[in-house]
Amino acid sequence: MEAGRVIRALARMVAWRLVFVVPLLLAVTIGIFALAKASPFDPVRQYLGDRALTTSPEITERIRANWGLDRPLAEQYLTWLGNLLRGELGESRSMRLPVAQVIGDRLGWTLLAVGCALVLMLAGSLAVGALAAWRRGSWLDRAITGTAYANEAAPVFWTGLLVIWLFAVKLRWLPSGGLTDAASTTTSPGDVLRHMVLPVTVLAFSQSSWLALYVRESLIATLREDFVVGARARGLRERTVILRHALRSALLPFVTLLGARIPELVTGAILVESVFSWPGVASASVQAALSADFPLLAALTLLATLAVVLGSLAADVAYVFVDPRVRVLGVS
């Protein structure tokens with residue numbers, strides 16, 4: 001009976017959130033077009049490159065007309081929106097391929113890297129944060145918190161370049177980037193695994209600092225609660241008290257905090273893929289921005305917005321299953 005009530009409440013919450021997705025995505029698309037209009041970069045000149053100096057104005061205007069850039073902004077937007085609703089994302093001007101093909105070819109690699117980084121980030125921040133709380137005030141706790149604050153202040157690309165210099169250039173343990181070796185003609189799982197170690201580790205490490213610090217502070221506060229003191233009074237081992245009693249209660253707000261970190265994870269993926277030449281959609285966003293490739297940039301921006309919304313929704317749904325009090329109070 002209770003399970004059915006929880007499922008119905010979750011369905012209402014999901015439906016209510018999805019109602020707001022449509023106006024949010026519309027607002028994002030309007031903002032994209034407004035920024036594109038205000039941009040000082042000419043997409044035709046970016047497309048032509050050095051040829052823009054020798055191309056006649058007639059050909060330039062013909063390209064502009066073929067792309068619809070000579071029409072009013074409102075007409076351009078409505079045309080693009082209509083094509084989007086029909087599933088037509090247009091052509092990538094920088095890659096000379098359909099936008100749907102560019103995203104389809106690259107999305108899997110991004111999901112692989114981000115998924116592995118997310119798992120590593122969760123496991124690492126939970127373990128390190130719990131260890132720092134358990135050894136509160138020790139040299140280990142100070143080392144963990146100091147490293148976390150320093151990592152939070154360091155730019156992701158700087159960390160990536162430092163890792164490349166150390167493990168790829170100096171020690172030569174791992175490749176510096178790409179999906180496979182330059183001389184390789186096939187994509188083997190072992191080769192991909194070697195190439196993804198550094199970008200996945202850097203992405204996970206760069207996003208784990210505040211999660212580890214939050215776990216530490218939350219667990220320290222939970223260890224002062226009456227139920228934890230009672231568990232210790234019953235003679236339970238300290239490891240059992242922390243893992244089975246304190247840590248579970250301390251992690252309840254952690255789920256919501258994780259959903260709030262999804263935008264930073266997307267931003268970090270963009271920088272990491274660019275530094276390590278990982279062929280994902282995040283690095284394609286940088287190339288689209290530098291080339292003023294509006295069709296590709298608009299599609300990738302919508303995809304990133306949708307990922308953030310769905311990540312936040314998934315965190316809220318997970319919170320309902322983790323915290324029994326939410327089931328009692330209901331989901332609104």
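1. (Buried means under 20% relative accessible area, exposed over 50%, and partly exposed in between, with a 1.4 Å probe and protein chains only.) The two form a salt bridge whose closest N and O atoms are 3.6 Å apart; the term stands for a side-chain nitrogen of Lys or Arg within 4 Å of a carboxyl oxygen of Asp or Glu. Because Asp191 and Arg194 are three residues apart in helix α8 (residues 189-207), about one helical turn separates them. An α-helix has 3.6 residues a turn, so residues three or four places apart point the same way.

2. A word on what you are looking at. This is a predicted model, in which local features need pLDDT of at least 70 and side-chain atom pairs count only at pLDDT 80 or more, while totals for chains, interfaces and linings use all residues. Residues are numbered from 1 along each chain as its sequence is written, and side-chain values use heavy atoms, with hydrogens and water left out.

3. Now the overall picture. The secondary structure comes to 16 helices and two strands; helices (H or I, at least four residues) and strands (E, at least two) are DSSP runs, numbered from the N terminus. Of the 332 residues, 39% count as buried. The accessible surface is about 18,700 Å², and 66% of that belongs to carbon and sulfur atoms; such areas come from the Shrake-Rupley method with a 1.4 Å probe, and for residues only the protein chains shown count as cover.

4. There are six salt bridges by the rule above. Arg216 pairs with Glu217, with the closest N and O atoms 2.4 Å apart, and a network of salt bridges links Asp141, Arg216 and Glu217. Arg216 counts as buried at 12% relative accessibility, whereas Glu217 is partly exposed at 45%. Another pair is Arg71 and Glu75, at 3.6 Å between the closest N and O atoms. Here Arg71 is partly exposed at 31%, and Glu75 is partly exposed at 36%.

5. Please have a look at helix α7. Its 15 residues (156-170) should span 21 Å at 1.5 Å a residue, and the end C-alpha atoms are 20 Å apart, which agrees. (The expected span is 1.5 Å times one less than the number of residues.) The helix bends by about 25 degrees at Ile164, the bend being the angle between axes fitted to the seven residues ending there and the seven starting there. Ile164 is also among the buried residues of α7, as are Val156 and Ala168. Just after the helix, Arg172 takes a positive phi of about 55 degrees.

6. Helix α7 also gives the most to a nonpolar patch, with seven residues. The patch covers about 990 Å², and its members include Phe157, Trp165, Leu166 and Leu271. (Patches are made of residues with over 30% relative accessible area and no salt bridge; like charges are joined within 9 Å, nonpolar side chains (Val, Leu, Ile, Met, Phe, Trp, Tyr) within 5 Å.) Leu166 counts as partly exposed, at 33% relative accessibility.

7. Thr60 is buried at 14% and touches Val44, Leu48 and Thr55, leaving aside residues up to four places away in sequence. Contact means heavy atoms within 4.5 Å.
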